[in-house]
Amino acid sequence: MELTAEQRAMLNGDLGRGKAMAMGVQVGIGKCFDAPRMVPVQKVHVSLSAQEADVWFSGRLLEAGASCAVAPTVNPGYSLDYFRKHLTPEAIANMEETHRIYQSLGARLTYSCTPYLGDNVPEYGEAAAFSETNATIFVNAVLGARTNRESAASALCAAVTGCVPEYGLLLDENRKGDIVVHVEADMKSAYEYHLLGMMGDKIGEGIPVFTGLPKVITPEALRNLGAQLNTSGAYGMYHIVGFTPEAPDLETALGHKKPRYEVTITDRDLKEFEETFSDKIPNGKIDFAMFGCPHFTLEEAMYIAKHIEGKKLAVPMYILVSSHASQMAGRMGVTDILAAAGAEIIPDTCPDQPCWHYLKGKVGITESPKCAYYPRRRGINFIIRDLDTCIQAALTGEVN
Ligand code: F3S
């Protein structure tokens, strides 16, 4: 692999053990993928998990003297302010250690999985290093910037060295679509994009090119589509004809080649998924509602507040957001409206964390299949429905 003098100095340890360790990992990855060289990056997002392997690896980098050349944004763990009373001393120490390590490495402690909506937005054509399922695909497909599906560890190494091996989705030829997906379903809200993204089994392996979607698609709907595509099928890229930047028309999106095959997604596909993916609850009773996987926007929190203002929820409602959205909701009085009804805004937190142990054995309702998917391994069950139905269910305590 061709390295610049500075990159070679990093690899050889001339710039310290920390840089050498990070560059060693990246050169190893580059060799695996026959990358000819490294390219610089200025935007990095690390899908910090605050779990054992993550704390171990980031801690080793820090011990070796590493610091970030590019300050990355980071994924959520769990809010100590909110969860402290539910946490064991070990869990508190773990999150404090995560915070200490990433702060010392020079990361931006955003603790949100939607950095592309404000904190960390790569430009069209720019090479970047993003981990986190919903973020990598948004950066590629919606922003037209270029990132591989980095792991938390490889993205952190990119933050330390300021470069990434050039392969995969960084190259023009690997960004073209090869499966045409005709959407005949009624895409009436951001929820249907969650369901469309869960069609990985039907779409198959490749880069989907969607046709038939509405002319206007909200950032929340695009966030949902990418989050679920990457969850259901490990997609790093998609196109929407006439909408995403590398798909002005079908021919361009396909790189002027024939698609390998075409599939059609209908309302029936989406409905069937909703029915089979939801846990079966005989009496329809729910214990809580949870939203924000990926993190909800301020606008979504405001939407819920509008619909529950002056009412009382029958079950707790947890709304997971970035700390920016949380602060803004507080300033605007949205948090108070939600709290008066029994809903809570929680920053910095992901449903896939041990802090939710007190929900074990309970049944939640959510609009996000990804939110339902991960907590199941912790014994928490979920029904999935559109947001309006979820809000109504939280008000009555049950769902049909
Ligand atoms: Fe974000 Fe955690 Fe969901 S990182 S997408 S809230 S699983």
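At 18% relative accessibility, Asp-348 counts as buried (under 20% relative accessible area with a 1.4 Å probe and protein chains only; exposed is over 50%, partly exposed in between). Its phi is near 65°, positive in a residue other than glycine, and it lies in the loop between β12 and β13 (363-366). Helices (H or I, at least four residues) and strands (E, at least two) are DSSP runs numbered from the N terminus.

A word on the model: it's predicted, so local features need pLDDT of at least 70 and side-chain atom pairs pLDDT 80 or more, while totals for chains, interfaces and linings use all residues. Residues are numbered from 1 along each chain as its sequence is written, and side-chain values use heavy atoms, with hydrogens and water left out.

Tyr-111 is another non-glycine with a positive phi, about 50°. You'll find Tyr-111 in the loop between α5 (89-105) and β4 (129-130), and at 7% relative accessibility it counts as buried too. For background, most residues other than glycine have a negative phi, and most peptide bonds are trans.

On that note, a cis peptide bond joins Cys-293 and Pro-294, with omega about 0°. Pro-294 belongs to strand β10, and both Cys-293 and Pro-294 are among the residues around the ligand (a heavy atom within 4 Å of it). Strand β10 (residues 288-296) gives the largest share of that shell, three residues.

Now for helix α15 (residues 334-341), where Val-334, Leu-338 and Ala-341 are buried. They cover an arc of only 65° around the axis (taken from the directions from the helix axis to the C-beta atoms), so they sit on the same side of α15. Just after α15, Gly-342 has a positive phi of about 105°.
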